[in-house]
Amino acid sequence: MIDIVILNRNLRLNDNAALFYGSLRSDYIVVYLYDENYWKANGKSSRQLKFSNDCLEELDNSLKNINSEINIFEGSFNDLQKWIETSFNDYFIHMNHCTDINYFREGFEKFKKHFNKKLRVYDDFGLQLNNFNRDAWSKNWNYIMHADLLESPVANKNIKEINLIKFNEFKNKINKKFTGLVNIQKGGTSIANELLESFLYDRCEGYRSKMSSPGLSEDSCSRLSPHFTYGSISIRQVYQKLSELLPSLKNQKDLYSFKKRLYWHCHFVQKLHTEPELEFHSMHRMCDELRTEYDYEMIDKWIKGETGFPFLDACMKFLQKNGWINFRMRAMIMSFASYNMWQPWQKTSPLLAELFTDYEPGIHISQVQMQSGVTGINLPRIYSVPKQSIDQDINAEWTKKLLPQLNDFDPKLIHNAELEDLYIPKIVDLKASAKFARDEIWGIRKSKVFKDEARKVYLKHGSRRKRNVN
Ligand SMILES: Cc1cc2nc3c(=O)[nH]c(=O)nc-3n(C[C@H](O)[C@H](O)[C@H](O)COP(=O)(O)OP(=O)(O)OC[C@H]3O[C@@H](n4cnc5c(N)ncnc54)[C@H](O)[C@@H]3O)c2cc1C
C-alpha cells in the first residue's frame, strides 16, 4: 500500500499532520493539487499563487533531503480522484483540513465523500471542525495550541517515479504569471522564522501604537499573515515559541497584544467554517436588503485608488504595490466602500481580496462584513478618511510618497481633499453619504425582528471572551 499526501495550504515540513502521518510507513508520495480555476475564483489572484509557490519551493527542497519531493497534479479534485484510481490499486490518502472559498469546498467535500475510508483529513488548525460548540471554543483552542508539535516527516524508502510533473518544471511553466510582482512578500518557512525572530526580539517595540499607522506598521507588525494563510509556519508553532520566550522578552504588553491576535485568527476562520454561506450572504440576513444596487464605475475608481480622497487613494496604491496594508487602513478602505459609496460588500470584497497576498477567506469575509455593518452583532463604525489622514499621516509625507503629484500641497488640503481641479474629482460627498448610511443602518437595526435575529447570530458566531472581538 502506498500513502498519498495531498497538499493544499499547509506548505511546511514540520508540524504538518498530513505529511507526518502520511510518512510513517516510509512509502509515500506528495502531491500538490494545482487547479487553475481555483486561482481565478472568489478573491484569489496571482500574487497569492506566487507566495504559495515560494512556500512549495522551499518545501520541495526540504523533502528532497528525505527521499521525497513534490509532484504537481494539474486539474480539479475530480480529475485528481480519477488519476488516483487509475494509477494505484492499494493506497491511503492524507490531507489537512482547509477552510476556504466555495469553489474549493465543493470539490474537497465530494473528494472526501468519494474516498471515504481510504482518506483521512487532519484537523491541523485551531478550529472545531466537528461538534461545534461556541461556549467551549476558547478552551478547545487552548488545548490545540498546547498540544505537542509534530516532528518532520519520516524519510521515504526511495523516490517514487510517477507520471506527474515535478515542482521545478511547474515553476518554470507558471513563472510568467508573476511579472511585475516584485514588492509582494516572499513565502517559505525560513522567511517565516526570520520574521518571527525579528518581531519577537526587536520589531515588536511599540506594536500596539504603531500598528495603526500605514507607514510604521510595515515594520512593526509581524508580517506573518501570508505565512499563516499558506501554512509556511503554523499558528501553534508561533504560539508555543511566543509562550516559551515571553517571560524573558522586553515589550511584553505589545507581545500580549500580538498573542491575542493569534486567537482572533482562528476565531474568524471558524465563522466561515461554521457557516460557509457567509461567502455570499450577510451574517445578519436582513442586511442583504440594504444595498441592492451597485455601480461598477464607482467600484472601479475605488479599487484603482482614484476616489479623489488622497489618503484613501494612497492606501490603495500602497496595497496594489505591496500586497499588504495594516488593519486600520483595511477597515477604512472597506468602510468607505460600504458606507460612503453604499456598494454591496459581495461586489467589493473579492476585488479587495485579490490585492492581499495574505487573503484568508475566513478572516477577510468576516472582517469585510464587520466593516460593512452587516453582522448584526457589532456596532457599525464609519471611518472618517480625513480623520485617519490627520491621525496617521499628519504631515502627509506618507501620502505624498505614494502620490508624488501632491508634493507641493499643504497637508491640510490633502487631509480634507480640498484640491479643487488639481486632483481627481471626489466620487462621493463624505458628509452626506455618511449621514445616509447611518440613517439606513440604524433604521434597520431598530426592529424587534432584527434584534431577535442578531441574538441568534451572536449565539452562533459571537466571541465568549470578556473583551469581545466578535
Ligand atoms: C477588511 C479587512 C480584511 C482583512 N483580510 C484579511 C485577510 O485576508 N487575511 C488576514 O490574515 N487578515 C486579514 N485582515 C486582518 C488584519 O488586517 C491582518 O491580519 C493583518 O493586517 C496582517 O498583518 P500582520 O500579520 O503583520 O498582523 P499582526 O498585527 O502581526 O497580527 C498577527 C496575526 O494575527 C492575526 N490577526 C491580526 N489582526 C487580526 C484581525 N483583526 N482579525 C483576525 N486575525 C487577525 C493574523 O493572522 C496576523 O497575521 C483583514 C482586516 C480587514 C479590516
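Trainee: Take Pro-350. Is it buried or exposed, and why?

Mentor: Pro-350 is buried, because 21 other C-beta atoms lie within 10 Å, and the cut-off for buried is 20 or more. Keep in mind that this is a predicted model.

Trainee: Which helix does Pro-350 lie in?

Mentor: Pro-350 is part of helix H16, which covers residues 345–355.

Trainee: And which residues is Pro-350 in contact with, leaving aside neighbours within four places in sequence?

Mentor: Asn-42 and Gly-43.

Trainee: What about Gln-81, how many Å separate it from Pro-350?

Mentor: The two C-alpha atoms are separated by 29 Å, and the residues are 269 places apart along the chain.

Trainee: Okay, new topic. How is the chain divided into domains?

Mentor: There are domain 1 (2–124), domain 2 (189–272) and domain 3 (278–461). The centres of domain 1 and domain 2, taken over C-alpha atoms, are separated by 27 Å. Where those two domains are in contact, eleven residues come from domain 1 and 13 residues from domain 2.

Trainee: Now the sheet. How many strands does it have, and in what order?

Mentor: Six strands form an open sheet, ordered S5-S4-S1-S2-S3-S6, with mixed pairing. The edge strands are S5 (119–122) and S6, and each of them pairs on one side only.

Trainee: What holds paired strands together in general?

Mentor: Strands of a sheet pair through backbone hydrogen bonds, and the pairing is either parallel or antiparallel.

Trainee: Which sense applies to S2 and S3, parallel or antiparallel?

Mentor: Parallel: strand S2 (residues 28–34) pairs with S3 over five bridges. Within that pairing, Val-31 stands opposite Asn-71 in S3, and Tyr-32 stands opposite Ile-72 in S3.

Trainee: What lies between S2 and S3 in their β-α-β unit?

Mentor: Helix H2 (residues 46–64); together with S2 and S3 it makes a right-handed β-α-β unit.

Trainee: And on the S6 side, is the pairing with S3 parallel or antiparallel?

Mentor: Antiparallel, over two bridges, with S6 spanning residues 165–166. Asn-71 stands opposite Lys-166 in S6.

Trainee: So is S3 mostly covered or mostly open?

Mentor: Mostly covered: S3 is residues 70–74, and four of its five residues are buried.

Trainee: What about the other end, where S4 and S5 are joined?

Mentor: Strand S4 (residues 91–96) and S5 run parallel and are joined by four bridges. The bridge partner of Met-95 in S5 is Val-121.

Trainee: Switching to the inside of the protein. How many residues are in the largest nonpolar core?

Mentor: That core has 69 residues. Those with the most contacts inside it include Leu-196, Leu-224, Cys-266 and Phe-336. Several helices each supply at least two of its residues, among them H5 (137–146), H14 (310–322) and H16. The most comes from H12, with eight residues. Domain 2 (189–272) and domain 3 (278–461) each give at least three residues to this core.

Trainee: What does Cys-266 touch, not counting residues up to four places away in sequence?

Mentor: Cys-266 touches Phe-125, Gly-126, Leu-127, Trp-141 and Ile-235. Apart from that core lies another, of 34 residues, among them Leu-11, Ile-29, Leu-56 and Phe-77.

Trainee: Last topic, the ligand. Which of the 28 residues around it come nearest?

Mentor: Cys-221, Ser-222, Ser-225, Arg-261 and His-364 come nearest. H10 (225–229), H12, H15 and H17 each supply at least two residues of the shell around the ligand. H12 gives the most to that shell, with six residues.

Trainee: Where is Ser-222 found?

Mentor: In the loop between H9 (217–220) and H10. Ser-222 is buried, because 21 other C-beta atoms lie within 10 Å.

Trainee: Which residues is Ser-222 in contact with, leaving aside its neighbours within four places?

Mentor: Leu-195, Phe-199 and Phe-258. As for Ala-192, it is 30 residues from Ser-222 in sequence and 9.6 Å from it in space, C-alpha to C-alpha.

How values were computed. Residues are numbered from 1 along each chain as its sequence is written. This is a predicted model: local features need pLDDT of at least 70, side-chain atom pairs count only at pLDDT 80 or more; totals for chains, interfaces and linings use all residues. A residue is buried if 20 or more other C-beta atoms lie within 10 Å of its own, exposed if 12 or fewer, and partly exposed in between; C-beta atoms are placed from the backbone. Two strands pair if DSSP finds at least two bridges between them. A crossover is right-handed if, with the strands pointing away from the viewer, the path from the first strand over the helix to the second runs clockwise. Two residues are in contact if their C-beta atoms, placed from the backbone, lie within 7 Å. A nonpolar core is a set of buried Ala, Val, Leu, Ile, Met, Phe, Trp, Tyr and Cys residues joined through C-beta atoms within 7 Å. Domain bounds come from an automatic or database domain assignment. A residue is near a molecule or strand if its C-beta atom, placed from the backbone, lies within 6 Å of it.
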